[in-house]
Amino acid sequence: MMAARLDVADLSLVEAADAVRKGEVSAISLLEACLANLDSHEEAVNATIWVDKEAAFTAARAADAKRAAGGPLGPLHGLPLAHKDMYYQAGRLSSCGSAIRRDFVPDYSATVIERLSAAGAYAFAGLNMAEFAQNGTGHNRHHGDCRNPWNLSYITGGSSSGSGAAVASRFTFAALGSDTGGSIRLPAAANGVSGIKPTQTRVSRYGVMPLSFSADNVGPLARTARDCARIMSVIAGYDPRDPTSAEMPVPDYEAGLTGDLRGIRIGMPSTYFLDELDAPVRAAIEAAASVLTGRGATIVPMTLPLMDAVATYAAVVSRVEGAAIHAEWMRQRPQDFATHINARMFPGYAIPATYYVEALSRRGPILKAFAKEVFSQVDLLVTPTIRTCLPTLAATDIDSGPPGTEQAALGISTNTRPFNYLGLPSMSIPCGFDLNGLPIGLQISGRPFAEAAVLQAGDAYQRDTDWHARRPAIAAV
Amino acid sequence: MSEKTKFVNDMVAIATWHGVQPPNEVALRMLGDLEKLIRDFEALRGTMRFEDEPASFEVALVEAASIGVRA
């Protein structure tokens, strides 16, 4: 059920930013609206790990003063944002959702945080997340499970659980998440918001907690595809402090949002991504395809190549890299990880190095072969973000559930993980609700560095639908 | 090799190479789940043919970006 009230926190990020620039809304009023929602619903949703209200009001007052003084303003001027608690900000806590780093305060800041700040935004909270970004459900034994604002018994998706829940709950206009196997797209889908995993190497990872060197990505979750486009224009691009970032020009993503999809060919895979699909999800995806067709796109049914290899090699790479990064803590203090975290990492130590090298060395050739077969026929792919209707927190709680619960929990990322191995840009936008009133996500993916095309399709879809504008009526606890 | 022998070998290898002990029962269950991954991995043997030339994923990303792009 939708809430009837209206407040400025209901504005999209772009609407809010433009209103501040025009002097229609003050930065202080935006902050007060977000904090009012936070104060009302945080106990229920548990989306934050820390909140710095004093610094936030100082930043908001400074933003209003700067506007009053005249002069150029950034594209995110005066916007209060909150991020997954793994983006380093000098002098601020960055718990990474863990007990091990409960008191970790870095002395330097992530490049993306600096770029958002340069664009006029400020961060006022660190958001809940899966411990060390290592689950797709949103469970967190140390900081409490993040709960879905649409129904508190259900998962938020993860690992950027607080990012999805906070955007949906109107605690913030946008949030950075990270995505190694679906951790932006899963919470975007589960919370009914928009989120994009950029092309591998598109956004700097400097100052961001690593999970998998090969597959980690930084990206935004926000209300709309247009919001994501504005943030992407700010954070994308080469960073000399991250030598793995691509030296590719960054387009004005927002300028490309025309709503016109004429001539765009969109592939709809008939296998893998639609296997064991729940009926409400299938209906929502088919309806979404009709909307895209109405905007001029052509839907092309197709079978994708190499999916067995992609899924298998992706599993090898993610397990080995996650295990390697945390090996010292797994030796010294394994009891300080939650059961579902250390249990998930443990098998990574049994995978032979030859498997890992093979999985990595085939990544480039597989990408090229996949691209030649797929992107010679279509420009984009659409699939469900999650194959099933959302499960409850209880049904996916590995720590307390019966044997087999781990399969239910890990299966959440079946449709998202392949795009991490392939390195392709991939976005989730809301496209409906299931019979339990929980959101359904549409995943749109494209060629390497084709974020503009992905965002264009998402924006075109949102011009004809209102799923992204709906607001959860959050139950009290 | 019996399942039990293989399990013991896995434990010894993990402890020897990594110094990591199984943290709980769930970890042992998930170790068992590797059986499927190994089967899937081995099933790929011989199914793909790629050129034996140096491959860089970052370069592949750039090259693949223009595939199928129309003027």
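Hi everyone, let's begin where the two chains meet: 34 residues of chain B are in contact with 40 residues of chain A. Please keep in mind that this is a predicted model.

Which parts of chain B build its side of that meeting place? Four helices each supply at least two residues to the side that touches chain A: α1 (3-18), α2 (25-32), α3 (34-43) and α4 (57-64) of chain B. The largest share comes from α4(B), with 7 residues. And what kinds of residue are they? Sorted by class, the side of chain B that touches chain A has 23 nonpolar, 5 polar and 6 charged residues.

Let's stay with chain B for a moment. Chain B has 4 helices and 0 strands, and from the N terminus on its elements run α-α-α-α. Its radius of gyration is 20 Å, well over the 11 Å that the globule rule gives for 71 residues, so chain B is more spread out than a compact globule. Buried residues make up 17% of the 71 residues in chain B.

Now over to chain A. Here we have 16 helices and 11 strands. The radius of gyration of chain A is 21 Å, close to the 23 Å that the globule rule gives for 477 residues, so chain A is as compact as a globular protein of that length. Its C-alpha atoms fill a box of roughly 60 × 55 × 45 Å along the principal axes. Of the 477 residues in chain A, 61% count as buried. Looking at contacts in chain A with a separation of 6 or more, 79% of them are between residues 24 or more positions apart.

Next, please find the sheet in chain A. It is an open sheet of 8 strands, with mixed pairing, and its order is β4-β6-β5-β10-β11-β9-β7-β8 (chain A). Which strands stand at the edges? They are β4 (174-178) and β8 (298-302) of chain A; each has a single partner strand, so one side of each is left without a neighbour in the sheet. On average, neighbouring strands of this sheet are turned by 30° against each other, direction ignored.

Strand β4(A) is joined by 5 bridges to β6 (residues 218-222) of chain A, and the two run antiparallel. One pair to click on is Ala175(A), whose bridge partner in β6(A) is Leu221(A). Across β4 and β6 of chain A lies helix α5 (residues 161-168) of chain A, running at about 160° to β4(A).

Walk back from α5 and you come to a loop worth a look. Ser159(A) lies in the loop between β3 (122-127) and α5 of chain A, and a cis peptide bond joins Gly158(A) and Ser159(A), with omega about 10°. Phe132(A) lies in the loop between β3 and α5 of chain A too. Its phi is near 50°, a positive value in a residue other than glycine. Is Phe132(A) buried or exposed? It has 25 C-beta neighbours inside 10 Å, so Phe132(A) counts as buried.

My last stop is at the β8 end of the sheet. Leu306(A) is found in the loop between β8 and α9 (307-325) of chain A. Phi of Leu306(A) is near 65°, again a positive value in a residue other than glycine. Leu306(A) is buried, with 21 other C-beta atoms within 10 Å.

Definitions and conventions
Residues are numbered from 1 along each chain as its sequence is written. Chains are lettered from A and ligands numbered from 1 in the order in which they are written. This is a predicted model: local features need pLDDT of at least 70, side-chain atom pairs count only at pLDDT 80 or more; totals for chains, interfaces and linings use all residues. Two residues are in contact if their C-beta atoms, placed from the backbone, lie within 7 Å. Ala, Val, Leu, Ile, Met, Phe, Trp, Tyr, Cys and Pro count as nonpolar, Asp, Glu, Lys and Arg as charged, and the others, Gly among them, as polar. The radius of gyration is taken over C-alpha atoms; the globule rule is 2.2 Å times the number of residues to the power 0.38. A residue is buried if 20 or more other C-beta atoms lie within 10 Å of its own, exposed if 12 or fewer, and partly exposed in between; C-beta atoms are placed from the backbone. Two strands pair if DSSP finds at least two bridges between them. Axes are lines fitted to C-alpha atoms, for helices over the stretch in contact, and angles run from 0 to 180 degrees between N-to-C directions.
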